[in-house]
Amino acid sequence: MSEQRPMTHREIMEALSGLLLVLFVAMASSTIVSTALPKIIGDLNGSQTQYTWVITATLLTATASTPIWGKLSDLYSKKLLVQISIVVFILGSLVAGFTQNTEQLIAARAFQGLGMGGVQALVQVAIAAMIPPRERGRYNGYLGGVMALATVAGPLLGGVIVDTEALGWRWCFFIGAPVAVIALVVLQRTLHLPVLRRDDVKIDYLGATLIAAGVSVILIWVSFVDDAFGWLSWQTGAMAGGGVLLLALAVRVESRVAEPVVPLPIVRQRTTALAIIGSLAVGMAMFGGSVFLGQYFQIGRGYSPTEAGLLMIPMMLGILVSSTVAGKAITKSGKIKPYVVAGTIILVAGFAGLSVLDHDTPLWYIGTAMAVVGIGVGMSMQNLVLVVQNTVSLRDIGAASSTIAFFRSLGGTIGVSVLGAVLARRVSDSITEQLTALGVPAGSPSSGTSTLNLGVLPEPIQHVVRAAYGDATGHIFLISAGVAVIGVIAAIALKPTKLRSTVDLAPERELADATAD
């Protein structure tokens, strides 16, 4: 097979515009919903556990589908797969907009996650296939900038939509459709990548199914343990044990099949293994912690969705500035590890600062700590993918990139599920304790009414609920800080890696130079 002709800067920017627009649609649609979710769940009379699962369902299906999308990209047209994934995402968004209860919303968001997994993995794969790693740091800066713009604009737009009576929260799902159509048109005109076709194509559906089933069972157990049943119960044994067994079977299958969705030889490489550990920790800390900030501002502090979106800006600006600056600095120096290490350390510091939150914490302090978290995320998350892309050949870039995305998303899924369960328990205990002190009988604050539907609760009980959510959120960030420490350890253990100057792996001599100190 002849070597791919290097793309010119203009060709790269034209194709990149379509890819970044696709990524913007997926990320903005998700962040728009994040700010609106307290209002959505309140209107649908949902519980805190259902609030968590609206988020977890999307992350779970995105996680399970990511390695499949990545593997397909090594075998079929990357362009067609990107287009299919965004169509799936938009269909899920439209279905979510018409839902009538939380159960339907969770199912629609799960379907939406299938498309999200494809978009997030395939954009990375397409960029890696057309840009040499030595130049990729600069373009990753654009990628980080668009991701930050989506996360800044999303919460604000979601808040405005919810607070606009003529629209309402359903438009948080509908609004991405026209932008997605534009993205598809741009991609059709600008994205041109070589298609690798092989006669011995084999997709490991069994392995993918076992991975998805194992993770799902464990997360469902996490959501209900110590509430619906105890830690030492037959339900715990069946669900936790069953989940571990399914994942063990998945490892066995992955080690034997010809085309595994998670290629174990790549995972066993030191750099890839450490990047996976770092991505797990960073993903769990970032997704698991930040996803509850919008709820904290609205439920714990009483701000409107629009105000909550504005209050999220410091963290998003931190991501925007740090990802752009770090991307250009990496391109100039060729060194990646120093920025990953610094980013993970800063991330720990930011979460440690947020761990003291309660319902009276000054906003200037919260904004400062959120900005620190954003800087840490911007410097570490994207560059962990870049580290791995410099250690594998072009034919494995799809599998390697999607493997890192898989474990990062898995970390986020676990973080949201575990921390959401912890938050639900602490809030429930706090509300019960405060209501008992007020002489209100134990049980729900108002029969058949969700605690998230504050508008229909009496004023004294509203204060109790707000204090419970405000005070419990700090504990979530303390756990996030502890998890993020694992990311620091993994980043420090990485071998110093320099950007290589070719799309594919160079001969062994250049490869040795690329991984030298």
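A residue is termed buried when its relative accessible area is under 20%, exposed when that area is over 50%, and partly exposed in between (1.4 Å probe, protein chains only). The structure is a predicted model, in which local features need pLDDT of at least 70 and side-chain atom pairs count only at pLDDT 80 or more, while totals for chains, interfaces and linings use all residues. Residues are numbered from 1 along each chain as its sequence is written, and side-chain values use heavy atoms, with hydrogens and water left out.

At 39% relative accessibility, Val87 counts as partly exposed, and this residue is found in helix 3 (helices being DSSP runs of H or I with at least four residues, numbered from the N terminus). Together with Leu91, Leu94, Phe111 and Leu114, Val87 forms a nonpolar patch on the surface, with about 370 Å² of accessible area together. Helix 3 (78-97) and helix 4 (102-130) each supply at least two residues of this patch, the most coming from helix 3, with 3 residues. Such patches join nonpolar side chains (Val, Leu, Ile, Met, Phe, Trp, Tyr) within 5 Å, from residues with over 30% relative accessible area and no salt bridge, the latter being a side-chain nitrogen of Lys or Arg within 4 Å of a carboxyl oxygen of Asp or Glu; accessible areas come from the Shrake-Rupley method with a 1.4 Å probe.

Helix 12 (residues 293-300) is largely enclosed by the rest of the structure, because 8 of its 8 residues are buried, among them Tyr296, Phe297 and Ile299. Helix 12 is followed by Gly302, whose phi is positive, near 85°.

Technical notes:
Patches are made of residues with over 30% relative accessible area and no salt bridge: like charges are joined within 9 Å, nonpolar side chains (Val, Leu, Ile, Met, Phe, Trp, Tyr) within 5 Å.
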